[in-house]
Amino acid sequence: MLPVILVTILLIGSSLGGPEENEGVKYADRCEACKILATELQARLGETGKSHEVIETGYSVDDVKPKKRTSYKRSELRLLESLENVCERILSYNIHKEREDSTRFAKGMSQTFKTLHGLVDKGVNVDLGIPLELWDKPSAEITNLKTQCETLLEEYEGVIEKWYFKHQDVVPLMQYLCEERALMGQNHKCLYEVEQEKEDAGEKDEL
């Protein structure tokens, strides 16, 4: 009979729901939510900004009045396309419980779950109290983070537009949106927390 490993860690409660304090769930604060929104939108703009095409805007029945030619990189279209579903990108994040700061929200599988999947691949029966197929589903922290992202996006849409058209070459979005506006007067330490190199590689498996 395969051994059964009962893993008692505070990382599955987030998938099970229930009061935060009872389930080991630690939702993102406003700083973390703004940081992720700015990171993902800046990344999305970086992806779309590689295009060098020129688009024409305007309409004329007799085609006498020339249409306005605009670089896609500076266009409203690029901004709209970058904003579309930007918060959906957060669903590719996972909780890395081995980290204690804002870098706990990151893409890729956490060290803990890498270890657990490794045990399963070796034939060990690991009992987390939820089906294996739910292990990699977005946790309550991640879905809550996505909701916070959508709220911030709605609240600061005008600010983002102003940054895009007037300031994107001068100041990073994270500073303009988060530090100087959404978090003005609040603790914004999380904005500058970065994942330490080789952090996961040097850690022992945490179960």
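Does Gln168 count as buried or exposed, and at what relative accessibility? In this predicted model, the residue counts as buried because its relative accessibility is 18%, which falls under the 20% cut-off.

**View 1. Gln168 sits in the loop between helix 7 and helix 8.** A polar atom of the Gln168 side chain lies 2.7 Å from the backbone oxygen of Tyr164. When neighbours within four places in sequence are left aside, the contacts of Gln168 are with Lys73, Arg74, Arg78 and Trp163.

View 2. Leu79 counts as buried because its relative accessibility is 2%. Apart from neighbours within four places in sequence, Leu79 is in contact with Ile160, Glu161, Tyr164 and Phe165. Although Leu79 and Tyr164 are 85 residues apart along the chain, their C-alpha atoms are separated by 7.5 Å.

**View 3. The largest nonpolar core contains 37 residues, of which Phe105, Leu177 and Cys178 touch the most other members.** At least two residues of this core are supplied by each of helix 3 (30-48), helix 4 (76-83), strand 4 (93-95), helix 6 (140-155), helix 7 (157-167) and helix 8 (173-182). Helix 3 gives the largest share, with eight residues. Within helix 8, the buried residues are Leu173, Met174, Tyr176, Leu177, Cys178 and Ala182, and the elements that cover them include helix 3 and helix 7.

**View 4. Cys34 and Cys178 are joined by a disulfide, with an S to S distance of 2.1 Å.** This pair links distant parts of the chain, given that Cys34 lies in helix 3 and Cys178 in helix 8, 144 residues apart. The link is left-handed, with -95 degrees about the S-S bond. Cys34 is buried, with a relative accessible area of 0%, and Cys178 likewise counts as buried at 0% relative accessibility. Not counting residues up to four places away in sequence, Cys178 touches Cys34, Lys35, Ala38, Leu173, Leu183, Met184 and Leu191.

**View 5. Cys31 and Cys190 form a disulfide in which the sulfur atoms are 2.0 Å apart.** Here too distant parts of the chain are linked, with Cys31 in helix 3 and Cys190 in the segment after helix 8, 159 residues apart. Both cysteines, Cys31 and Cys190, are buried, and their link is left-handed, with -105 degrees about the S-S bond.

**View 6. Cys87 and Cys149 form a disulfide, and their sulfur atoms are 2.0 Å apart.** The torsion about the S-S bond of this pair is about -80 degrees, so the disulfide is left-handed. The pair links distant parts of the chain, from Cys87 in the loop between helix 4 and strand 4 to Cys149 in helix 6, 62 residues apart. Cys87 counts as buried at 4% relative accessibility, as does Cys149 at 1%. A search of the whole structure finds three disulfides, and with bonded cysteines counted along the chain their pattern is 1-6, 2-5, 3-4.

**View 7. The chain ends are shown with their pLDDT.** The mean pLDDT of the chain is 77, with 63% of its residues reaching 70 or more. Over residues 1-22 the pLDDT is below 50, and this stretch has 42 contacts in the model beyond near neighbours in sequence. Over residues 198-207 the pLDDT stays under 50, and the model has 16 contacts for them beyond four places in sequence.

Notes. Residues are numbered from 1 along each chain as its sequence is written. This is a predicted model: local features need pLDDT of at least 70, side-chain atom pairs count only at pLDDT 80 or more; totals for chains, interfaces and linings use all residues. Side-chain values use heavy atoms; hydrogens and water are left out. A nonpolar core is a set of buried Ala, Val, Leu, Ile, Met, Phe, Trp, Tyr and Cys residues joined through side-chain atoms within 4.5 Å. Buried means under 20% relative accessible area, exposed over 50%, partly exposed in between (1.4 Å probe, protein chains only). Helices (H or I, at least four residues) and strands (E, at least two) are DSSP runs, numbered from the N terminus. Contact means heavy atoms within 4.5 Å. A polar contact is a pair of N or O atoms within 3.5 Å; within protein, one must be able to donate a hydrogen and the other to accept it, and residues adjacent in sequence count only if both atoms are side-chain atoms. pLDDT is the predictor's confidence in each residue, from 0 to 100. A disulfide is a pair of cysteine sulfur atoms within 2.5 Å.
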